[in-house]
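Please keep the sequence and the structure in view.

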Amino acid sequence: MKNILLLIYMQNGFTKCQKINDLVKKTKDMLSLNLFDEIVATQFINYDNSVYEKLMNWSSLKSNDEIAIRSELQPYATEVIPKSIYTCVSSNFIQRLCQLNDGKHPEKLFIAGVDTDTCVLKTATDLFELNIRPIVLTEYCYSNGGEESHKAGILCMKRLIGSKQLSDVTLTAVSDISSL
């Protein structure tokens, strides 16, 4: 089985606060260790008249600059999956994961990124419900809502997917992910 990392929302428009800029640097350092066989980045695009505009009056993440994956992380992404909702999990996504995993249904998927309390939470839960073990690398996640939102996301994931699917290890070697 390949080690596949799902990198959620590491886009210019989601990474404006200092804490998330620090997370981007930490994530780049981790990616430079070449611990993963595949790195799939999600790219949120907020279309005109989206549910986010209609119900939340939120119209960010539309310009090319905002939706771009952070330039320092782009070279590591083996694939970019565009999406317009909280999760990227769909039948097409699962098929693509199987292709990336040498034709085999993945048993687990590592997750890092933004926002812990929304997109990371929703994606991890969707994978869990499809019998793919989501391993959320909490040291490589944060929320634009701040520390309280980040911690709330972790708390909810403990209940939804179980605490054994959350890892607070700072990765330094392949053996770190092999043990998860």
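Which elements each supply at least two residues of the lining of the largest pocket? They are α1, β5, α6 (147-161) and β6 (166-167). The model is predicted: local features need pLDDT of at least 70, side-chain atom pairs count only at pLDDT 80 or more, and totals for chains, interfaces and linings use all residues. Residues are numbered from 1 along each chain as its sequence is written, and side-chain values use heavy atoms, with hydrogens and water left out.

**Largest pocket**
- The largest pocket holds about 320 Å³ of space.
- A pocket is an open set of points on a 1 Å grid over the protein atoms alone, where a 1.4 Å probe fits, with protein on both sides within 12 Å along at least five of seven lines.
- Its volume is the space filled by probe spheres set on the points, which are joined across faces, edges and corners.
- Lining residues have an atom within 4 Å of a point.
- The lining has 16 residues, and T138, E139, C141, H150 and I154 lie nearest the centre.
- Asp, Glu, Lys and Arg count as charged; Ala, Val, Leu, Ile, Met, Phe, Trp, Tyr, Cys and Pro as nonpolar; the others, Gly among them, as polar.

**T138**
- T138 sits in strand β5; strands are DSSP runs of E with at least two residues, numbered from the N terminus.
- T138 counts as buried because its relative accessibility is 11%.
- Buried means under 20% relative accessible area, exposed over 50%, and partly exposed in between (1.4 Å probe, protein chains only).
- Leaving aside residues up to four places away in sequence, T138 touches H150, I154, L166, S167 and D168; contact means heavy atoms within 4.5 Å.

**Helix α1**
- I20, L23, V24, T27, M30 and L31 of α1 are buried.
- These buried residues fall within an arc of 125° seen down the axis, so they line one face of α1; the arc is that of the directions from the helix axis to the C-beta atoms.
- Q18 and K25 are exposed on the other side of α1.
- The cover over the buried residues of α1 includes β1 (4-8), β2 (38-44), β4 (108-114) and β5 (133-142).

**Second largest pocket**
- The second largest pocket has a volume of about 240 Å³.
- Its lining has 13 residues, with F14, W58, Y86, D115 and T118 nearest the centre.
- α2 (51-56) and α5 (116-129) give two or more residues to this lining.
- Eight of the lining residues are nonpolar, four polar and one charged.

Key: Helix = DSSP H or I, 4+ residues; strand = E, 2+ residues; numbered from the N terminus.
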